[in-house]
Amino acid sequence: MFNQFRNKFPLTDEKWREYISYFNRIEVPAKTTLLEEGEVSKKLYIIEKGCIRVWFNNNGKDLTTQFFFENESVASIESFMKKLPSPTNIETIEPSVLWWIHKNDLDKILEEIKEIPELRDSLINKLFERTFDYMKYFVSFIKDSPVERYSNLIKERPQIILRVPQHYIASYLGITTVHLSRLKSKLLSKE
């Protein structure tokens, strides 16, 4: 799993082995809850295989905010970094192979690597990328119609359309499954 990332990090082999030894591999079935809303996040996950969604309950309604796939990391970042109760749930959609690291171990690594500009910059870029994704999602809800949001999803993140059940996609788009069905029919009739 980690060999593909080895060349991206200017570390000695000994340090590299030490850092990857902090990660633990698990295999979990679909619909496994990795973090419940209200819990403090103590683990960050990297996905080797599978799909994960981040969601929250809004007055009994399930609202999906993000999807993650292979080679992506996922945690309730605010909870993980600030030790606050998580505003979201994290759940697998597919049977998944995950690598997790405890916050204490990641903090130790981050403390050691902050003096290495390439690593520090890489981490900052990843965090900004995720913040940019949140902003894009937020602005899309204000600015775009459901048809535009679905069309953008097809263009920008086709793996969601291919791998995620329709009711989660509808939740992510902020519409009902019936509305999603009509929307898809409407788009198909235009082609």
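1. Strand β3 (residues 43-49) pairs with β6 in the antiparallel sense, over two bridges. Strands here are DSSP runs (E, at least two residues), and helices are runs of H or I with at least four, all numbered from the N terminus. Two strands count as paired if DSSP finds at least two bridges between them. In β6, Ser-73 is the bridge partner of Ile-46.

2. The model is predicted: local features need pLDDT of at least 70, side-chain atom pairs count only at pLDDT 80 or more, and totals for chains, interfaces and linings use all residues. Residues are numbered from 1 along each chain as its sequence is written, and side-chain values use heavy atoms, leaving out hydrogens and water.

3. Four strands make an open, antiparallel sheet, in the order β1-β8-β3-β6.

4. Now look at Ser-76, in the loop between β6 (73-74) and α2 (77-82). Is Ser-76 buried or exposed? Ser-76 is buried, with a relative accessible area of 6% (buried means under 20%, exposed over 50%, partly exposed in between; 1.4 Å probe, protein chains only). Beyond its neighbours within four places in sequence, Ser-76 contacts residues including Leu-35, Ser-41 and Pro-87 (contact: heavy atoms within 4.5 Å).
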